[in-house]
Amino acid sequence: MVEMHEMIPGKRFDRYHELGQYAFGDKLGLWIVVPQQIIVEVSTGGKSLKKFQEILFPNAKPIKLTYFIMIFSSFQFVLSHLPNFNSISSVSFVAAILSMTYSAIAWTVSLKELGKSEREVSYGPKSEKISDNVFMFLSALGNVAFAYAGHNVVLEIQATIPSTEDAPSKKAMWKGVFTAYIIVALCYLPVAFIGYWVFGNGVDDNILLTLHRPTWLIATANIFVVAHVIGSYQGSWCNGNVTVMDYNILHNLANGGDA
């Protein structure tokens, strides 16, 4: 993404959807780029809210995941109308701190659970069917891509860096990307290795859904996940996508409803 920002002389792709539109066309590019991670992040936020409710109120009447996703989406709707990327920098900063915090909680609590599981820990395939294992393998790749995301906001950050023929923006951007991914790896790799070591193939894609004790700490970590996803969702997708929607609405109105 860093290299593609200025791959056409005289033009800078400042947003992820712009690159998608260049590659696949104005309409198809939006449909390919926009929906994919929006669905994933909204689902993650909803699941964490549901887990939080189940921990604090274990005897309460079960509430469908759909309603938690709707609650999470309502927060996004408000935040998505902030005017520009700089206005959500503080939200993104807090989200990054919370991400490091709940990652540390996840692997430290997992270590405390080592050897305490009532069921036998298995490290083999979950299913005997090849098709099921292939599906789970592809799903796991998606989880890795989600955990190490950033491609969707790289272009917008790089657009703020001055660029000349002698000092292109990609030089400074590569340094930032390298540093960022080292930090991400330090946060998530311990979670992945320790979580699998302790729980084997019984671990959930979100390890906080596997953990249950101590109650207050796991509940806090799940709320941190919600706050983190709110921040990353805004910085990565929602703010930019709402801008695209607003532009299209205004364009249609200006042309008498003809797109």
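A salt bridge is a side-chain nitrogen of Lys or Arg within 4 Å of a carboxyl oxygen of Asp or Glu. By that rule, a search of the whole structure finds four salt bridges. The model is predicted: local features need pLDDT of at least 70, side-chain atom pairs count only at pLDDT 80 or more, and totals for chains, interfaces and linings use all residues. Residues are numbered from 1 along each chain as its sequence is written, and side-chain values use heavy atoms, with hydrogens and water left out.

**Salt bridges**

- Side chains of opposite charge can pair when their charged atoms come close.
- Arg-12 is partly exposed at 26% relative accessible area, and Glu-6 is partly exposed at 28% (buried means under 20%, exposed over 50%, partly exposed in between, with a 1.4 Å probe and protein chains only).
- Lys-50 and Glu-54 form another, with their closest N and O atoms 2.5 Å apart.
- Both Lys-50 and Glu-54 lie in helix α2, four residues apart, or about one turn of the helix (helices are DSSP runs of H or I, at least four residues, and strands are runs of E, at least two, numbered from the N terminus).
- Arg-213 and Glu-113 also meet in a salt bridge, at 3.1 Å from N to O.
- This pair links distant parts of the chain, 100 residues apart: Arg-213 is in the loop between α7 and α8, and Glu-113 is in the loop between α4 and α5 (130-147).
- Glu-113 counts as buried, at 14% relative accessibility.

**Nonpolar cores**

- The largest nonpolar core has 26 residues, and Phe-72, Tyr-102, Val-109, Leu-208 and Leu-211 have the most contacts inside it (a core is a set of buried Ala, Val, Leu, Ile, Met, Phe, Trp, Tyr and Cys residues joined through side-chain atoms within 4.5 Å).
- Helix α8 gives the most to this core, with eight residues.
- Another core, of five residues, lies apart from it and includes Val-2, Val-154, Ile-161 and Met-173.

**Ser-110**

- Ser-110 is in helix α4 and is buried, with a relative accessible area of 0%.
- Leaving aside residues up to four places away in sequence, Ser-110 touches Ile-194, Val-198, Phe-199, Ile-207 and Leu-211 (contact means heavy atoms within 4.5 Å).
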